[in-house]
Amino acid sequence: MELYRRYGPALLRKAERMLQDRDEAQDLVQGLFLDLIQRPRAAADLPYLYRAITNRCLNHLRDRGNRGRLLSQHDQALRGAPGTQIDEIVLDRQLLGSLARCLDVQAWEILVYHFIDDMTQEEIAALLGTSRKTIVRRLKRVRDEASRLAGTVPATAPQDVS
Amino acid sequence: METVSCVPVSWLRLERHALGELGPDEQTEIAGHLAACPGCRARADLIAADGGRQLPPLPAAPPARSTARPPGWLTFAAVSTTAAAVLLVVWARPGSGPQLGGRRIAVKGGDVTIELVRERSGSIAWEPTSFTAGDRFKLLLTCAPPLRVYADLVVLQGDGPAFPGTTSRIGCGNRIPLPSSFRITGPGDASICVAVDPDTPPSRARLAGGEPAATGPHLCLHLDRR
Ligand SMILES: [Zn+2]
């Protein structure tokens, strides 16, 4: 399958970043392409497939414990580069674990694109077919929750951000 | 990571850049960024270095079954355990395969059906009763959501118990694979014992004792060595 050959590696890398497990990632990527074989889509380009695999990974990680796992593995990534991604809020592991319990599915999808995939608000808006304003609002919710939780969650020891 | 002045190029754009899928202006813009930004360049290098990776084969669909389930397949990646060398088998499609067979374990909240799948030289056998060197196995669980169960399995042979993976907590569904898959490498016949429990992880100490010692919801399958 040409699509698989062309986009499979990128989707595997993406799924591995989310799942931190090569075999689970293969499983989900193959499942995605198998479904495409059964129900072909004319416009299955990489952005479409990226979103599809993101949602499969999120479903896979749907329970809170696993989301906590996702967060703990992406602690560094979720902080982002200084001054770029998370603003002034220091998202340590404990805070992120708490965030996992109060965000809805769409907020999680946006969180993943922004903080794990490093997409800009414009890119996320284009990918989701929504307005940048909506993404800004949803990301604000993520940040608000982070701020709220930051006041109630004891800080952990600072970690290097190289 | 990136320098402070770097607004990272997203992984998706880097992937599309590597594939040459962006417009000429965007390709040029990203190439320029990569030349100046060590952080993003390191990511692009990771993508490039990963370019030679072998994709697991995407199999052709098998003949249609009596239901409209999608086909399934097995892919492989080598891992190791302490007691027995195993080969990880990834059951790629929950819900694939023939109509549900297997054996049931009754637990609080519903039944859990256990199916053993064997892969041998590319062909798949459901609920096999024998094995030979090189066979690969996977256990699939079927139970009704929203039930969730802890599940664990042990392979028992003459040289003792081998646990191919860690205890998993499985959200019920149709043919959910246990993450651990295995090849049977010890001497003599083998028993595969699986334990499930909605409330607590099954005791490995008891599971290691096989049928005589296991308590709680479990079952053991016997496989003859051929
Ligand atoms: Zn950069």
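What is the site of the zinc ion, with its four donor atoms: tetrahedral or irregular? Let's take a walk and find out.

Before you start, note that this is a predicted model, in which local features need pLDDT of at least 70, side-chain atom pairs count only at pLDDT 80 or more, and totals for chains, interfaces and linings use all residues. Residues are numbered from 1 along each chain as its sequence is written, chains are lettered from A and ligands numbered from 1 in the order in which they are written, and side-chain values use heavy atoms, with hydrogens and water left out.

**Stop 1: the zinc ion.** Select Cys6(B), His33(B), Cys37(B) and Cys40(B): their SG, NE2, SG and SG atoms, respectively, coordinate the zinc ion at 2.0 to 2.3 Å. Donors here are N, O and S atoms within 2.8 Å of the metal (3.2 Å for Na, K and Ca); water is not among the atoms, so sites may look incomplete. The angles among the four donor atoms run from 89 to 121 degrees, and the site is tetrahedral (four donors, all angles between 85 and 135 degrees). Along the sequence, the donor residues follow the spacing C-x26-H-x3-C-x2-C.

Cys6(B) sits in the segment before α1 (11-19) of chain B and Cys37(B) in the loop between α2 (24-36) and α3 (38-49), so the pair ties together parts that are 31 residues apart in sequence. Helices (H or I, at least four residues) and strands (E, at least two) are DSSP runs, numbered from the N terminus. Both Cys6(B) and Cys37(B) are buried (under 20% relative accessible area, 1.4 Å probe, protein chains only).

Stop 2: Go to Pro146(B), in the loop between β7 (136-142) and β8 (148-157) of chain B.

Technical notes. Four donors count as tetrahedral if all angles lie between 85 and 135 degrees; four count as square planar and six as octahedral if opposite donors are over 155 degrees apart and all others between 65 and 115; anything else is irregular. Buried means under 20% relative accessible area, exposed over 50%, partly exposed in between (1.4 Å probe, protein chains only).
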